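Please keep the chain open beside this text while reading.

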Amino acid sequence: MPHIYHKMRRFGFSLLRHISLPSSFTVPSVTRTFCCLHHGVLTGSHACSQGTFPARCCQHRRSVSTALRQHIQDLSGPEQRLLDKLYEGLIGGQRASLAESITLVETQHPRKKELAQVLLQRVLAYRREQETRNGGKPVAFRVGLSGPPGAGKSSFIEVVGKMLTGRGHKVSVLAVDPSSCTTGGSLMGDKTRMTELSRDMKAFIRPSPASGTLGGVTRTTNEAIVLCEGAGYDVVLVETVGVGQSEFAVADMVDMFVLLIPPAGGDELQGIKRGIIERADLVVVTKSDGDLVVPARRIQTEYTSALKLLRRQSKSWNPKVVRASSHTSEGIQEAWAKMEVYRDTMLASGELQGRRRAQQKVWMWSLIQENALCHFQNHPSVREALPHLEERVTKGAISPGLAADLLLKAFSSSSPQ
C-alpha cells in the first residue's frame, strides 16, 4: 500500500503549506509522522527512532521542513485577506462573519474547502489558547437534542435559549432540517419556530440542510460547532432532524445528548427497543401540560424503569428522565439544572474531556469513509464498469454482491501500486 502513504503525505503538504506559521516554527512531530508514513510504519507515539532509519529519516525530515517553508505563502492576496477578515470578525463575535465562515465550511468547491481547513486550523489554535487560560477545561458546553418528528425540539430550544441569554450566556443553535429525497430541497423551517430567539442579539441560529447525510446532522456540523465556539458562544445547541432507532450521529459530536420524546412515546419495552435511548444522557418528556400531564408522568415512570435495564455509559452519571412544557415553561429550569449538574460532574471526573478526544477520532474516520466512497464512485475504472454492472444486476443476471466485488476489483487493480 505505498501509494496510500504517498497520497497521505501529499495531502499533508497541501494542507500544511496554507497554514500561517511563525518564522521560528520547527516541525518535529509532523516530520516524524510523515517519516513513519513514508516507511510504512506508524507508531502510537508518532516517534521515529534515530536508530531505525537514521540517514533516510533525517534526510526526509529536512525535505519536509524545506517543503513547508517553500509553500507557506501559497495563498493568493485576496484569499489571505478573506481569511483574515473572517477570522478577525469571527473571534470578534460578529454574527455575519460566523455565518460566512460556516458557509465556507459547507461548500463543496475544492479550493474553498482548502481555505475552510486553513480557517479551522486558526480557530482551533485560538480555542486551544482559550482552554489553556481556562485551566484546560472546555470553554463551551455542547448539547445535542434529538427525538422523533413532532416531539417539540424547536419549541424546547427556543424556551431554553431565551432563558440562557437572559442569564448572560451566548447561545448558538445549529438546526438541521431534513432534505427531500426527491428534489433535494429543504424547508429550513426550524428558524421560523424560534421567532423570539432569532431576534435575540446574544443568540445565533443557523439552519442547514441534511443533504442526504444519515445520522440527523450534516457532514460539516462538527466543524460548525468549532466555529461557533471560536465566536464566543458558550452554549452550543445542535438540533437534529427527527430520528429513529439508530440514527444518532449527533451523540458523537456533543458533550451531552438529550433525547426529547412526546407523551405518546410508547411503553417501556418500546423505549428499550429504541436504540437511540442507549446514548441519551438525559430524557425529556415534552408537552407536559394540560390533558397530557398524566400521560407524561406515566411515560416518565416507564422510561425511568427502562433506563435501569440498560448498560451505563458513564461511571459518573446515571441518565435522568424529566418532564417539561415549552408552552407553560414548567420544568424548563429543572431540565437545564440537570444539564449543568451533568457538565460539572463529567468535568470533575475528566470524562468530558476524554469524550471529546474520542469523538474527534470517530468523526475523522466518518469523513474518511465518506471521502473514500466519493473517490471510489468517481474512479475512471468504476465509472466505466458501473452502467453495465448495474444493468446486469437489475436484470437478475448477477447478484449485487458479485457486482460489488467486480467494481472493487476494478478499482484496486487500476490503482497505482
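Strand β3 (residues 203–209) is mostly covered, with five of its seven residues buried; strands here, like helices, are DSSP runs numbered from the N terminus, with at least two residues (E) for a strand and at least four (H or I) for a helix, and buried means under 20% relative accessible area, exposed over 50%, and partly exposed in between (1.4 Å probe, protein chains only). The model is a predicted one, in which local features need pLDDT of at least 70 and side-chain atom pairs count only at pLDDT 80 or more, while totals for chains, interfaces and linings use all residues. Residues are numbered from 1 along each chain as its sequence is written, and side-chain values use heavy atoms, with hydrogens and water left out.

Strand β3 runs parallel to strand β2 (residues 171–177), and seven bridges join the two; strands are said to pair if DSSP finds at least two bridges between them. Within this pairing, L174 stands opposite R206 in β3. Which residues does L174 contact, leaving aside its neighbours within four places in sequence? With contact meaning heavy atoms within 4.5 Å, the partners of L174 are I102, R206, T221, A224, I225, C228, V236, L237, V238 and E239.

In soluble globular proteins, nonpolar side chains tend to be buried together.

Turning to charged side chains, a search of the whole structure finds 19 salt bridges, each being a side-chain nitrogen of Lys or Arg within 4 Å of a carboxyl oxygen of Asp or Glu. In one of them the side chains of K85 and E100 meet at 3.5 Å, N to O; because K85 lies in helix α4 (residues 77–91) and E100 in helix α5 (residues 95–106), the pair ties together parts that are 15 residues apart in sequence. K85 is partly exposed at 46% relative accessible area, and E100 is likewise partly exposed, at 36%.

Another salt bridge joins E131 and R356 (4.0 Å, N to O), and this pair links distant parts of the chain, since E131 is in helix α6 and R356 in helix α13, 225 residues apart. Are these two residues buried or exposed? Both E131 and R356 are buried, and they belong to a network of salt bridges that also includes R127, R142, E229 and D255.

W365 lies in helix α13 (residues 351–377) and, at 47% relative accessibility, counts as partly exposed.

For the chain as a whole, there are 15 helices and seven strands, and buried residues make up 43% of its 417 residues. The chain exposes about 21400 Å², of which carbon and sulfur atoms supply 56%, with accessible areas coming from the Shrake-Rupley method with a 1.4 Å probe and, for residues, only the protein chains shown counting as cover.
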